[in-house]
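Look at the sequence and the structure before reading on.

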Amino acid sequence: MSIHLVPPSTLTVPAQARPGADSLGADAYGRAADDEPVTPRFAGLRLVHAAMRRDLARLPNALRLLQPDEDHKGEALLRHWNFMTAMLTCHHEQQDTRLWPIVRRFAPELRLLLNWLEDDHHNLDHSFTRVTTLVRIASRDTGSAWPVAYAMEDLAARLETHLRIEERQLLPRMERVIAEGSRLGGLGELLDLLRLADGPGMADALAWLLEGVEPALVERLLAECDDDVARNWPHWHATYQRCTSPLWGPADGPAAGAGTGLGFGGLGSIAD
């Protein structure tokens, strides 16, 4: 059964400073902040990483603030958690079945690392399943919210270790193994996989992935997708904001910048 945040339609990527960027907005290579943003390689992978970090940073506090009479907010929180968990599972499947076999073939010295990452994917999936049971209880019984919020934060720390290993040890090598311009690991490939999978809806996933991305970069990322996606994006984005506002508040409110600094280079606040 497909997982949707709203009836077939949508879902939040925070900013991360690029290595070498200075406080004036120019990086070590001389690119100024007002220059046209460059679409990062393997944007699909990086967007998932950023979105997971963002939501795991703010969901625990949203759970702690849940009041006994806020059944609607509790349902929204559980729905968002289930969606995020399903997206992580799809992300792991994309890596294990499409990306890692190519890296194994052309960078055999990384096989042991890839084997460990695959094993850790399974362990993480099981860990998220266990915490999902706790979140389901806490979304209806606020008396258990604080212990479950701590469990979320422990899981976030565990996932962070995994993500850093991929980003620091694997992605740089993938840039040499996979030809530039390839769709592998990109946003377009991820959306194509979601179309075929019995999991999160593509519209939900796109809005979730692009929440907080600066508009100029959103346009470049959408250029990787088909015309139908680009045409429907404004509606999907607006629907997602309405759906998630019970959790984070309006997009232009204080919660809009939650998670800033956890994305990848070139991302900025969507409210800017």
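A residue counts as buried under 20% relative accessible area, as exposed over 50%, and as partly exposed in between (1.4 Å probe, protein chains only). The model is predicted, so local features need pLDDT of at least 70 and side-chain atom pairs count only at pLDDT 80 or more, while totals for chains, interfaces and linings use all residues. Residues are numbered from 1 along each chain as its sequence is written, and side-chain values use heavy atoms, with hydrogens and water left out.

**Salt bridges**

Side chains of opposite charge can pair when their charged atoms come close. A salt bridge is a side-chain nitrogen of Lys or Arg within 4 Å of a carboxyl oxygen of Asp or Glu. The structure holds 16 salt bridges.

| Pair | N to O distance |
|---|---|
| Glu211 and Arg58 | 3.1 Å |
| Glu160 and Arg164 | 2.6 Å |
| Arg195 and Asp192 | 2.6 Å |

Helices in this report are DSSP runs (H or I, at least four residues), numbered from the N terminus. The salt bridge of Glu211 with Arg58 links distant parts of the chain, 153 residues apart. Glu211 lies in the loop between helix H6 (202-210) and helix H7 (215-222), and Arg58 lies in helix H1 (residues 43-64). Both Glu211 and Arg58 are buried.

Glu160 and Arg164 both belong to helix H4 (residues 145-177), where they are 4 residues apart, about one turn of the helix. Glu160 has a relative accessible area of 22% and is therefore partly exposed. Arg164, at 38% relative accessibility, is also partly exposed.

Arg195 and Asp192 are in helix H5 (residues 187-196); they are 3 residues apart, so about one helical turn separates them. The relative accessible area is 38% for Arg195, which counts as partly exposed. For Asp192 the value is 28%, so this residue is partly exposed.

**Packing of two helices**

How do helix H2 and helix H3 pack, and at what angle? Helix H2 (residues 71-106) and helix H3 (residues 111-138) pack at about 170 degrees, and their axes are 10 Å apart. Axes are lines fitted to C-alpha atoms, for helices over the stretch in contact, and angles run from 0 to 180 degrees between N-to-C directions. H2 and H3 are therefore roughly antiparallel to each other, a term for angles over 145 degrees.

Conventions:
Angles under 35 degrees count as roughly parallel, over 145 as roughly antiparallel, 65 to 115 as roughly perpendicular and the rest as oblique.
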